[in-house]
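Open the model in your viewer and show it as a cartoon.

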Amino acid sequence: MTKPGPSTALIHHPFRAPEGWDAVPVPVHKASTMLFKDTAQLNTPKTRDGISYRYGLPGTPTTYTLAARIATLEHAEHCVLTPSGLAAITLTSLAFLKPGDEVLLPDNAYGQNRHISGSLLRRLDISHRFYDPLDLPAFQALLSERTKLVWIEAAGSVTLEFPDVIGLLKASRAHGGVRVALDNTWGAGLAFNAFDLLPDAEPGLGVDLSMQALTKYPSGGADVLMGAVCTRDIALHRELVAMHENLGYGLGQNDVEAVLRGLPTIALRYRAQDAATRELARWMAARPEVAKVFHPALPDSPGHAHWRQVSPEGAACLFSALFKPAFSPQRIDAFVDALQCFGIGYSWAGPMSLAVPHDMSRSRSLGLPWTAEEGGTLVRFAIGLEDVEDLRADLARALQTLAG
Ligand SMILES: *Cc1c(COP(=O)(O)O)cnc(C)c1O
């Protein structure tokens, strides 16, 4: 090149940072274009460890580093990352279902998983049916030769029933030809090992696929949307990678960096939020305004024995309080509005505690775990990292709005 102009000089600048500058944080590699030394290298597709180094869309060294760490968190071998938790659900369903197939979902599945089954999957001629996560015989009766995918959620969304994971898994295995996918956002890879649920009794008994919204615990910051699907089976991983390519899922590297930054503290945050949540759940359960509290570690919460079976220690930062029917939805809204330490909003596992009233009547197909005489409005609480004494005092103060 003759002496280049200023733009050319900046774009083709010869300085390259020396290799071997090592530090604790993972470097943030941003790229759409990746450069090849020459046309010979361009024409020789290069993959290493199943990773294709040709273009930025499938990932960069930053993404692959996060994927490897999430696989470790999940006790898996392989991981694909997606732009959100919902994108990870969609990826899983599209990778393993084709027209004519059926997917079984727990009735307490994450709302958007219910939604895509009734919209996107229906358009592809993929049917779905809901099962009661606590009724194993009814689940077995739903398995047919069309069943190709079973979703499990432990614990389920909002009502937090803990399913008979072992029973569901064994029934699916016995049926044959069914892939079992767990939405493991609640357990986060920490409450239990999804790929080895009964290590002492039956080593290796586990799900085929574990999906997680990294938006929740792995990020921990309430600032990133991301998802992951993990497996120990290379054939399943390849199918996920192929569908991932079809969908063109890419990730912003600053978001990947944010999750890499959240990961080192995940176990500490999980434990601290678990302890605070149990304390507040028990306290709420003793309040006269409350009919019942849903939290898998409470002995009268649905599926408590199943939780004990696979997860004797860990539980996530969620509980739901069912208020007595005497309190109208409007009064419960006033209680939530009176809270000062709790934000009103979706998502969870971030620093700020959150509270959301839920109208459950439209989000279950098989009925609710309570009758109209037993309970009225449900409020889901997500406990953050504030001081637990302040949260308790805030709840006590706001509950006074229900007096009189
Ligand atoms: C939040 C959540 C998701 C979806 O994650 P997004 O990143 O918000 O799309 C999926 N499953 C469960 C159980 C969740 O809580």
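**Before you start**

This is a predicted model, in which local features need pLDDT of at least 70 and side-chain atom pairs count only at pLDDT 80 or more, while totals for chains, interfaces and linings use all residues. Residues are numbered from 1 along each chain as its sequence is written, and side-chain values use heavy atoms, with hydrogens and water left out.

**Whole chain**

Select everything. The protein has 14 helices and 14 strands; these are DSSP runs (helices H or I, at least four residues; strands E, at least two), numbered from the N terminus. Along the principal axes, the C-alpha atoms fill a box of roughly 85 × 50 × 45 Å.

Switch to a surface. Of the 404 residues, 51% are buried. Buried means under 20% relative accessible area, exposed over 50%, and partly exposed in between (1.4 Å probe, protein chains only).

**Domains**

Colour 39-264 as domain 1 and 265-403 as domain 2; these bounds come from an automatic or database domain assignment. The C-alpha centres of the two domains lie 26 Å apart. Across the boundary, 38 residues of domain 1 are in contact with 38 residues of domain 2, where contact means heavy atoms within 4.5 Å.

Select residues 85-96, helix α4, and find Thr90 in it. Thr90 has a relative accessible area of 13%, so it is buried. Beyond its neighbours within four places in sequence, Thr90 is in contact with Ile116, Leu120 and Tyr249.

Move on to α5, residues 111-118, where Asn113, Arg114, Ile116 and Ser117 are buried. Among the elements that cover the buried residues of α5 are α4, β4 (102-106), α6 (120-123), β5 (127-131) and β6 (147-153).

**Helix α10**

Which helix holds Gly262? Gly262 is in α10, residues 253-262. Its relative accessibility is 8%, so Gly262 counts as buried. Not counting residues up to four places away in sequence, Gly262 touches Pro218, Ser219 and Arg269. For a distance check, pick the C-alpha atoms of Gly262 and Leu10: they are separated by 34 Å, and the two residues are 252 apart along the chain.

**Backbone stops**

Most residues other than glycine have a negative phi, and most peptide bonds are trans.

- Select Ala154 and Ala155: a cis peptide bond joins them, with omega about -5°. Ala155 sits in the loop between β6 and α8 (165-175).
- Select His75: its phi is positive, about 60°, although His75 is not a glycine. It lies in the loop between α3 (61-73) and β3 (78-82). The relative accessible area of His75 is 31%, which means partly exposed.
- Select Ala188: here too phi is positive, near 60°. The loop between β7 (179-183) and β8 (209-213) contains Ala188, and Ala188 is buried, with a relative accessible area of 0%.
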